[in-house]
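This briefing goes through one predicted model by topic, from the terms it relies on to individual residues. Please keep the sequence and the coordinates in view while reading.

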Amino acid sequence: MTYRFGTMQMAYDTKFLRVPEIRWIGAFPSDSEKYCLSAQCLLPLKPEDKKKAEAMLLRCYLHREAPMWRLELENMLQRGVKFELEALSASSISFLSEVYIPAKIHSQDYI
């Protein structure tokens, strides 16, 4: 979010310190279901994770400019779990490079 929208602390220079065209091709909370991650790969959200996600949801630009990001954060909070990107390679060491990232790029499944 910082790269796309800038920071609150430097709001006076935001238009010079952001890349509005940047896209998120990393892991979405919904990917844990989409790629059938086992429960042992899921980590419970810590209180600070919840606090950060809730604060992010309050940002007006998230609703207006990146509604899918908002939905992903809401999904994560509702489920109460997160996962590390490395969890996606639990089934195969090459899964990220050979399957996941190419699928994200080619399907436009990024926002």
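A residue is called buried when its relative accessible area is under 20%, exposed when that value is over 50%, and partly exposed in between. By this rule C36 is exposed, because its relative accessible area is 66%. The model is a predicted one, and it describes a protein of 111 residues, of which 29% count as buried.

**Fold and confidence**

- The protein has 6 helices and 2 strands, and these follow one another along the sequence in the pattern α-α-β-α-α-α-β-α.
- When contacts between residues at least 6 apart in sequence are considered, 67% of them join residues at least 24 apart.
- The mean pLDDT of the protein is 83, with 87% of the residues reaching 70 or more.
- Confidence is lowest in α1, where the mean is 74, and highest in strand β1 (residues 43-44), where it is 96.

**The largest nonpolar core**

- The largest nonpolar core comprises 11 residues, namely F5, L45, A53, M56, L57, Y61, L62, A66, W69, L73 and M76.
- Two or more residues of this core are given by each of the elements α3, α4 (60-65) and α5.
- L57, a member of this core, is in contact with L62, H63, R70, L73, E74 and L77 once its neighbours within four places in sequence are left aside.
- Y61 is found in helix α4 and counts as buried because its relative accessibility is 12%.
- Leaving aside neighbours within four places in sequence, Y61 is in contact with M1, F5 and A66; the C-alpha atoms of Y61 and F5 are separated by 8.0 Å, although the two residues are 56 apart along the chain.

- R70 has its place in helix α5, and it is buried, because its relative accessible area of 19% falls under the 20% limit.
- Not counting residues up to four places away in sequence, R70 touches L57, L62 and H63, and both L57 and L62 belong to the largest nonpolar core.
- M76 also lies in helix α5, where it is buried with a relative accessible area of 14%.
- The contacts of M76, leaving aside its neighbours within four places in sequence, are with P29, L45, A53, V81 and K82.
- M76 and F28 are 48 residues apart along the chain, and their C-alpha atoms are separated by 8.9 Å.

**The largest pocket**

- The largest pocket has a volume of about 640 Å³ and is lined by 24 residues, of which W24, A27, M56, L73 and M76 lie nearest its centre.
- The elements that give two or more residues to this lining are α1 (2-5), α3 (47-57), α5 (67-79) and β2 (81-82).
- By class, the lining consists of 16 nonpolar, 1 polar and 7 charged residues.
- M56, L73 and M76, listed among the residues nearest the centre of the pocket, are also listed in the largest nonpolar core.

- An α-helix has 3.6 residues a turn, so residues three or four places apart point the same way.

**Individual residues outside the cores**

- C36 is found in the loop between α2 and β1, and it has a positive phi of about 50° although it is not a glycine.
- Most residues other than glycine have a negative phi.
- E54 lies in helix α3 and is partly exposed, because its relative accessible area of 44% lies between the limits of 20% and 50%.
- The C-alpha atoms of E54 and L77 are separated by 8.2 Å, and the two residues are 23 apart along the chain.

Definitions and conventions
Residues are numbered from 1 along each chain as its sequence is written. This is a predicted model: local features need pLDDT of at least 70, side-chain atom pairs count only at pLDDT 80 or more; totals for chains, interfaces and linings use all residues. Side-chain values use heavy atoms; hydrogens and water are left out. On a 1 Å grid over the protein atoms alone, a cavity is a set of points where a 1.4 Å probe fits but cannot get out, and a pocket is an open set with protein on both sides within 12 Å along at least five of seven lines; lining residues have an atom within 4 Å of a point. Grid points are joined across faces, edges and corners, and a volume is the space filled by probe spheres set on the points. Helices (H or I, at least four residues) and strands (E, at least two) are DSSP runs, numbered from the N terminus. Ala, Val, Leu, Ile, Met, Phe, Trp, Tyr, Cys and Pro count as nonpolar, Asp, Glu, Lys and Arg as charged, and the others, Gly among them, as polar. pLDDT is the predictor's confidence in each residue, from 0 to 100. A nonpolar core is a set of buried Ala, Val, Leu, Ile, Met, Phe, Trp, Tyr and Cys residues joined through side-chain atoms within 4.5 Å. Buried means under 20% relative accessible area, exposed over 50%, partly exposed in between (1.4 Å probe, protein chains only). Contact means heavy atoms within 4.5 Å.
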